[in-house]
Amino acid sequence: MNYKLALLGLTFMACTACQETKIPVEPPTVFSSANPYMPVWEYIPDGEPYVFEDPDNPGKFRVYVYGSHDMLQNTYCGLDQVVWSAPIDDLTNWRLDGTIFELTKNANGETLNEGGKGDLLFAPDVTVTTDENGKKTYWLFPNNMAKGRRCTVAKSDRPDGPFQVCNWNQDGKTTYGVLDFDPGVFVDDDGRVYGYWGFGTSHGAELDPTTMCTVKSGTEIVTNMIPGHMQEGVERFFEASSMRKIKDKYVFVP
């Protein structure tokens, strides 16, 4: 009992000493989590993040996340595509920039599908080119699942769209180009353009920069860039082609 009383006495004396000397106490550092970084009601799979200049604030940059838009209950993805963005110096401050693409009408403004529904759009990609005058053009490859429009290319003056189809055939209903399932398009530092696509089998080609979707003259499509998921090999390709350049290395992310 005396031992316990002695401990209590020492504790009381220590606390009293702290109060008398007013030892400063640092406020706790508060860390907050921002995952998921989008609202729980939003679903953007197949994300492709890019840093582009904010067109409304020259000299400022934002991270733009493009992807599929899961909005249907009976199939993958959706009938439109949206983009979310945040300042590069505050990745907790995300905003919905709105719908950037949907395809409900042909080149002549006529309804494409019954009931005015849009084409089904899977995993997209986005890239940017800059002309000799410094003007930027943003290119969207929305991975259209509609027959005759599998290779759809749309462009805009802004990273947040809206994007308009630019590769209609003369019939105004179908589109031209070699890009197919899960397209990825990469613009190198020298301005040369490369496209990648495929499901189970990987394909790649240098593209004509005037169309952004046809094979450049004098070059050919490369098939089985890496082994497919049914082939032998360390890396087995399935889908979702994406190319990045890190310093002097090219990184293919399937």
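Trainee: What makes the pair D97 and R95 a salt bridge?

Mentor: The closest N and O atoms of D97 and R95 are 2.5 Å apart, and a salt bridge is a side-chain nitrogen of Lys or Arg within 4 Å of a carboxyl oxygen of Asp or Glu, so the pair meets the rule. This is a predicted model, in which local features need pLDDT of at least 70 and side-chain atom pairs count only at pLDDT 80 or more, while totals for chains, interfaces and linings use all residues. Residues are numbered from 1 along each chain as its sequence is written, and side-chain values use heavy atoms, with hydrogens and water left out.

Trainee: Why is R95 called partly exposed?

Mentor: Buried means under 20% relative accessible area, exposed means over 50%, and partly exposed is in between (1.4 Å probe, protein chains only). R95 has a relative accessible area of 32%, and is therefore partly exposed.

Trainee: How do you know that R149 and D119 are buried?

Mentor: R149 has a relative accessible area of 7%, so it is buried, and D119, with 2%, is therefore buried as well. Their side chains meet in a salt bridge of 2.7 Å, N to O. That pair links distant parts of the chain, 30 residues apart, with R149 in the loop between β6 (136–141) and β7 and D119 in the loop between β4 (95–101) and β5 (125–130); strands are DSSP runs (E, at least two residues) numbered from the N terminus.

Trainee: Which residues are linked with R158 in a network of salt bridges?

Mentor: The network links R158 with D56 and D160. For R158 and D56, the closest N and O atoms are 3.0 Å apart. R158 is partly exposed because its relative accessible area is 26%, and D56 is partly exposed because its value is 48%. By the salt-bridge rule, the count comes to 11.

Trainee: What makes the link between H69 and E42 a polar contact?

Mentor: The side chains of H69 and E42 are joined at 2.9 Å, and a polar contact is a pair of N or O atoms within 3.5 Å, where within protein one must be able to donate a hydrogen and the other to accept it, and residues adjacent in sequence count only if both atoms are side-chain atoms. The distance therefore falls within the cut-off.

Trainee: Is H69 buried or exposed?

Mentor: H69 has a relative accessible area of 11%, so it is buried. Its place is in the loop between β2 (61–66) and β3 (81–87).

Conventions
Helix = DSSP H or I, 4+ residues; strand = E, 2+ residues; numbered from the N terminus.
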